[in-house]
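Let's take a walk through this structure, stopping at a few residues along the way. Have the sequence and the 3D view open as you read.

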Amino acid sequence: MAQLSSSAVTKVYKSGDEQFLALDNVSVEIERGEAVAITGKSGSGKSTLMHLLALLDSPTSGEISINGVPTKSFSEQKLSKVRNETFGFVFQQFFLNANETVLENTVLPLEVGGMSQSERNRLGTELLEELGLGDKVQNKAVDLSGGQKQRVAIARALINSPQVIFADEPTGNLDSKTGQQVEELLFDLNKNHGITLVCVTHDRDFAAKFDRIIEVSDGRIVGQDSAVEPEKDLSALIERSVRNAVSKAVEEALSRNGENK
Ligand code: ADP
Ligand code: MG
């Protein structure tokens, strides 16, 4: 069963008397462990589709389901619980609190989840060390480079051991070398840790590296190429993760995930 699905989804934005059909009868399915790029021109509806799949917004008609469970009847509280516990988010604009430290930014989702400060700080520090930001833990976010900011945003996305990472143009504000490092980190999380990756990008070279490309044009799906079969065999994933010397913090986070859910 698909981990994420949209079924005949439509999104109409209304502003004043104007109506705009941003998504028109869109049905997609994303399997656990897949790496999927959502591509298309600016204004085609990529971010809208991602926001709907990520339960950040609701469709005008149609249904979004998570692991086969329709979400239409979910309360706001239930929606925010699913988002906080199951999804991690990475955006082009980073969305860090500039005057808070790297550690404070990273552990924010744990704070929302009610974990004690000492435990939050321990987990956050460990994860930041794994992501090569161990020496920046107490720096203000405002003092980081773009690539470092995006790695902090990825740390924040990972801190709750998400099953899915949603990224919207994650390399859009980065130079090509730094962008490459962020790409590699996202693919590492997908390939070696089994995290589903759903990434909006208009960059064709980046999109070509995904298992599958969902192409959007004027609010409709015009292509769902599948270059490679998604990895469905969990034991193969685990074996590879061992071979590639998996980062300890993410491993720990994943095992916590297993215990808690
Ligand atoms: P993309 O991510 O592909 O650039 P979006 O999904 O952000 O496109 O937007 C799709 C279309 O919907 C665009 O024409 C955009 O102007 C319009 N749109 C997006 N958000 C809103 C909104 N909140 N209100 C009105 N129109 C919107
Ligand atoms: Mg967009």
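Start at Thr-196, which is buried because 23 other C-beta atoms lie within 10 Å, and the cut-off for that label is 20 or more. Bear in mind that this is a predicted model. Thr-196 sits in strand 8, which covers residues 196–200. So who does it meet in there? Setting aside neighbours within four places in sequence, Thr-196 is in contact with Gln-3, Ile-30, Arg-32, Gly-33, Glu-34, Gln-163 and Val-164. As for Leu-186, it is 10 residues away from Thr-196 along the chain, and their C-alpha atoms are separated by 9.9 Å.

Next, hop over to Leu-131. You'll find Leu-131 in the loop between helix 4 (117–130) and helix 5 (146–158). Leaving out residues up to four places away in sequence, Leu-131 touches Arg-151, Ile-154 and Ala-155. Val-152 is 21 residues from Leu-131 in sequence, with 8.4 Å between their C-alpha atoms.

Last stop: Ser-27, part of strand 2 (residues 18–30). Is Ser-27 buried, exposed or partly exposed? Ser-27 is partly exposed, because 13 other C-beta atoms lie within 10 Å, while exposed would take 12 or fewer and buried 20 or more. Not counting residues up to four places off in sequence, Ser-27 touches Ser-6, Ser-7 and Ala-8. Thr-10 lies 17 residues from Ser-27 along the chain, and the C-alpha atoms of the two are 9.5 Å apart.

Technical notes:
Residues are numbered from 1 along each chain as its sequence is written. Chains are lettered from A and ligands numbered from 1 in the order in which they are written. This is a predicted model: local features need pLDDT of at least 70, side-chain atom pairs count only at pLDDT 80 or more; totals for chains, interfaces and linings use all residues. Helices (H or I, at least four residues) and strands (E, at least two) are DSSP runs, numbered from the N terminus. Two residues are in contact if their C-beta atoms, placed from the backbone, lie within 7 Å.
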